[in-house]
Amino acid sequence: MFSVWEAGQFHRSPHLAVIGGGIVGLFTALFHKRRHPHHHVLVLERGPFPSGASVKNAGFACFGSPSELLADLDAEGTDAMLARVEERWRGLLELRAELGDQAIGFEPTGGHEIYGPHDPLYTRVAERFDALNDLLRPLFGATVFQWDPAALERTGMARLAHLARTDLEGPVDSGALMNSLLRKAVAEGVLFRPCAEVLGFEEGSESVLIRLADGTELHADRVVVATNAWTKELLPQLAVVPARGQVLLTQPIPGLRLRGTFHYDEGFYYFRDHGGGVLLGGGRNLDIAGETTSEEGTTPLIQDALVKLLEEVIIPGQPYTIARRWSGIMGMGPSKSPIVERCSERVVAAVRLGGMGVAIGIRVARKAAGLVAE
Ligand SMILES: Cc1cc2nc3c(=O)[nH]c(=O)nc-3n(C[C@H](O)[C@H](O)[C@H](O)COP(=O)(O)OP(=O)(O)OC[C@H]3O[C@@H](n4cnc5c(N)ncnc54)[C@H](O)[C@@H]3O)c2cc1C
């Protein structure tokens with residue numbers, strides 16, 4: 001039984017209910033509120049704060065390593081590869097302009113792909129490196145990737161032979177990013193409701209009835225589902241599969257020379273500096289079946305592989321302590337493209353961000369808000 005005050009301000013029927021308070025959900029709510037300042041816009045988030053991949057990720061503000069872009073080119077053709085890179089690049093620029101580099105902790109320390117000696121991946125990339133740069137130049141107005149052998153020396157890493165670098169990428173602080181986004185959305189009038197798990201919804205002719213896990217119900221004019229990896233529970237018809245990613249972070253390492261973001265082994269591993277230590281993730285390819293799960297958790301198989309990479313390649317011979325291990329769940333599927341579509345008259349889905357939500361989240365949200373307005 002809600003009081004008149006609760007019903008008037010907090011439990012009132014929203015014009016738009018966004019389910020999921022990650023980067024996509026919060027930006028969607030913010031953009032809708034800007035279009036319709038008098039609308040009541042509500043974000044329903046099941047965690048005590050944003051609790052999905054947006055606050056578990058590695059914080060790479062990136063648009064694709066040379067090997068990834070060449071693989072995309074081979075799989076989908078030049079136009080599709082360039083269109084995807086453009087989405088990511090524009091997304092990064094929009095994100096930085098919207099929230100500010102300082103607020104998101106963006107560091108222009110560069111993005112890197114590294115290759116071992118006799119690495120067939122290096123041969124494949126080297127053969128078409130210049131051609132790839134030629135394709136990308138019109139979009140970026142500059143040469144995107146350079147070989148930078150001296151950087152290998154600077155970082156202090158071992159067992160590597162080649163390094164390709166771009167100055168256009170760098171790490172962000174994903175916690176600061178999400179906190180500043182949340183504060184902005186709330187400051188502009190969005191109501192954020194944590195600990196509000198949605199069990200399901202039913203669409204009627206006048207509204208959508210939303211059922212919450214606490215037993216309460218809400219009627220919304222429109223709904224955007226932005227639950228990414230957990231979409232199957234609400235929209236089982238959409239092709240979204242959960243994909244867990246495991247991460248570890250070391251304590252600060254005195255004299256650490258690593259700076260920027262790094263992709264290794266066809267992108268199966270990724271690492272960066274953070275707070276004077278190394279943040280390292282990946283290894284999903286060691287157990288794809290086991291990591292196709294929406295349950296958080298770490299496993300010895302993958303954590304041991306991360307430690308091996310840390311000890312043998314990233315900080316050889318340097319003492320370290322692991323400060324923290326965690327996992328996050330991505331939403332993936334048969335295509336690398338996100339799903340941003342109207343599912344029915346009143347329901348829009350904005351999901352399946354894969355491993356690129358930092359770059360494309362803001363543009364997925366803009367499209368979702370546009371679909372709601374149509
Ligand atoms: C380990 C890891 C590393 C990554 N590294 C990078 C990277 O370096 N760069 C990059 O660009 N991307 C990276 N990603 C991917 C990126 O984090 C995601 O693409 C992005 O965060 C997805 O944002 P989202 O808003 O769609 O989903 P999420 O952030 O997952 O948000 C979905 C929200 O919905 C909520 N929710 C779910 N079900 C319900 C329900 N029934 N009711 C209410 N709320 C619900 C969840 O609690 C969650 O807060 C990484 C992901 C992982 C897991």
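How many residues of domain 1 are in contact with domain 2, and with how many residues of domain 2? In this predicted model, 13 residues of domain 1 are in contact with ten residues of domain 2.

## Domain layout

The protein chain is divided into domain 1 (4-56 + 175-239 + 335-373) and domain 2 (105-170 + 241-332). Taken over C-alpha atoms, the centres of the two domains are separated by 31 Å. On the side of domain 1 that touches domain 2, six residues are nonpolar, five are polar and two are charged.

## Ligand shell

There are 43 residues around the ligand, and those that come nearest are Gly20, Gly22, Gly52, Gly328 and Gly357. By class, this shell is made up of 19 nonpolar, 19 polar and five charged residues. Domain 1 and domain 2 each contribute at least three residues to the shell around the ligand.

Four elements each supply at least two residues of the shell: α2 (23-35), β13 (241-250), β17 (322-332) and α12 (357-373). The element that gives the most is α12, with four residues.

## The eight-stranded sheet

An open sheet is formed by eight strands in the order β5-β6-β4-β14-β15-β16-β13-β17, with mixed pairing. The edges are taken by β5 (146-147) and β17; each has a single partner strand, so one side of each is left without a neighbour in the sheet.

Within this order, β13 pairs with strand β16 (residues 277-282) in the antiparallel sense, over three bridges. Leucine 249 has leucine 279 in β16 as its bridge partner.

## Nonpolar cores

The largest nonpolar core holds 97 residues, of which Ala17, Val223, Val224, Leu280 and Ala350 touch the most other members. The greatest share of this core comes from α12, with nine residues. At least three residues of this core are drawn from each of domain 1 and domain 2.

Not counting residues up to four places away in sequence, leucine 280 touches Val247, Leu248, Phe271, Leu306, Leu309, Leu310 and Ile314. There is also a second, separate core of seven residues, including Ala53, Ala229, Trp230 and Met332.

## Valine 43

Is valine 43 buried or exposed? Valine 43 is found in strand β2 (residues 41-44). Valine 43 has 29 other C-beta atoms within 10 Å and is therefore buried.

Leaving aside neighbours within four places in sequence, valine 43 is in contact with Val18, Gly21, Gly25, Leu26, Ala29, Val190, Phe192 and Arg193. Valine 43 and alanine 187 lie 144 residues apart in sequence, and their C-alpha atoms are 14 Å apart in space.

Strand β9 (residues 198-203) runs antiparallel to strand β10 (residues 208-212), and five bridges join them. The two strands form a hairpin with four residues between them. Glycine 200 stands opposite arginine 211 in β10.

Strand β10 is also joined to strand β11 (residues 217-220), by four bridges and in the antiparallel sense. Here arginine 211 stands opposite glutamate 217 in β11. The hairpin of β10 and β11 has four residues between its strands, and glycine 215 in the turn has a positive phi of about 95°.

Most residues other than glycine have a negative phi. Cysteine 195 has a positive phi of about 50° although it is not a glycine. The place of cysteine 195 is the loop between β8 (191-193) and β9. With 14 other C-beta atoms within 10 Å, cysteine 195 is partly exposed.

Aspartate 265 is not a glycine either, and has a positive phi of about 55°. This residue sits in the loop between β14 (261-264) and β15 (269-274). Aspartate 265 has 19 other C-beta atoms within 10 Å and is partly exposed, because a buried residue needs 20 or more.

Technical notes: Residues are numbered from 1 along each chain as its sequence is written. This is a predicted model: local features need pLDDT of at least 70, side-chain atom pairs count only at pLDDT 80 or more; totals for chains, interfaces and linings use all residues. A residue is near a molecule or strand if its C-beta atom, placed from the backbone, lies within 6 Å of it. Ala, Val, Leu, Ile, Met, Phe, Trp, Tyr, Cys and Pro count as nonpolar, Asp, Glu, Lys and Arg as charged, and the others, Gly among them, as polar. Domain bounds come from an automatic or database domain assignment. Two residues are in contact if their C-beta atoms, placed from the backbone, lie within 7 Å. Two strands pair if DSSP finds at least two bridges between them. A residue is buried if 20 or more other C-beta atoms lie within 10 Å of its own, exposed if 12 or fewer, and partly exposed in between; C-beta atoms are placed from the backbone. A nonpolar core is a set of buried Ala, Val, Leu, Ile, Met, Phe, Trp, Tyr and Cys residues joined through C-beta atoms within 7 Å.
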